[in-house]
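Student: Please take me through this model feature by feature, giving the general idea before the particular case.

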Amino acid sequence: MDILLIAGLWLDGSAWDGVASELRSRGHRPVPLTLPGQGDGATSATLDDQLATVLAAVDATAGKPVVVGHSAATTLAWLAADARPDKVAAVVLVGGFPTSDGKPYADFFEIRDGVMPFPGWEPFEGPDSADLDADAPSPPPRSPSRRAWPPASCG
């Protein structure tokens, strides 16, 4: 089974390395996605660009993939399933929930100069980050700016 893995804000596809390895060992085909503007240096990437990347990955699979969204990327997973209802087998939401229609995507962090800079690890302190050690890498510093959903391309 193809399993598309979408990491949350500021994270690239490498965030799924451990999960992808385990899925492969169980006979699945994990596809960790690195979204435009999340670790690739694309400072002008938009959320529409990110959705287009997810939809291209859905379209590239031979069958019906499971789409997994982590944190704020649960909105992208849900939008992909909504845009391709006959092509997605299931959606898995990890540590987040889709944004409601007309609400800003990830509106819980400040926008500066059109992007959402990484706020540091402090907002994430608690059980979700308890297993991070001092050597944990920081994600890329910027993520595309938030906008209301659904984008015009999703109807």
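Predicted model: local features only at pLDDT ≥ 70, side-chain atom pairs only at ≥ 80, totals over all residues.

Student: Is Arg26 buried or exposed, and with which side chain does the side chain of Arg26 make a polar contact?

Tutor: The threshold for exposed is over 50% relative accessible area, and Arg26, with 58%, is therefore exposed. Its side chain makes a polar contact with the side chain of Glu22, at 2.7 Å. Arg24, by contrast in location, belongs to helix H1 (residues 17-25) and is partly exposed, with a relative accessible area of 49%.

Student: Which residues touch the most other members of the largest nonpolar core?

Tutor: In soluble globular proteins, nonpolar side chains tend to be buried together. Here the largest nonpolar core has 17 residues, of which Ile6, Val54, Val67 and Leu76 touch the most other members. Strand S1 (2-6), helix H2 (47-60) and helix H3 (74-83) each supply at least two residues of this core. There is also a second, separate core of eight residues, including Ile3, Ala20, Leu23 and Val66.

Student: At roughly what angle do the axes of H2 and H3 cross?

Tutor: Two packed helices are described by the angle between their axes and the distance between the axes. The axes of H2 and H3 come within 10 Å and cross at roughly 60 degrees, and the two helices are therefore oblique to each other. Their crossing is right-handed. At this meeting, Leu47, Gln50, Leu51, Val54 and Leu55 in H2 face Leu76, Leu79, Ala80 and Ala83 in H3, with which they are in contact.

Student: How many of the ten residues of H3 are buried, and what covers the buried residues?

Tutor: Seven of the ten are buried, so H3 is largely enclosed by the rest of the structure. Among the buried residues of H3 are Thr74, Leu76 and Ala81, and what covers the buried residues of this helix includes S1, H2, S3 and strand S4 (90-94).

Student: What is the phi of Ser71 near, and where is Ser71 found?

Tutor: Most residues other than glycine have a negative phi. Phi of Ser71, however, is near 55 degrees, a positive value in a residue other than glycine. Ser71 is found in the loop between strand S3 (66-70) and H3, and Ser71 is partly exposed, with a relative accessible area of 27%.

Conventions. Residues numbered from 1 in each chain as written. Heavy atoms only, no water. Helix = DSSP H or I, 4+ residues; strand = E, 2+ residues; numbered from the N terminus. Buried < 20%, exposed > 50% of the residue type's maximum accessible area, 1.4 Å probe, protein only. Core = buried A, V, L, I, M, F, W, Y, C linked by side-chain atoms within 4.5 Å. Polar contact = N/O pair within 3.5 Å; in protein donor to acceptor, adjacent residues only side chain to side chain. Axes fitted to C-alpha atoms, helices over the stretch in contact; angles between N-to-C directions. Parallel < 35°, antiparallel > 145°, perpendicular 65-115°, else oblique. Left-handed = near helix turned anticlockwise from the far one by under 90°. Contact = heavy atoms within 4.5 Å.
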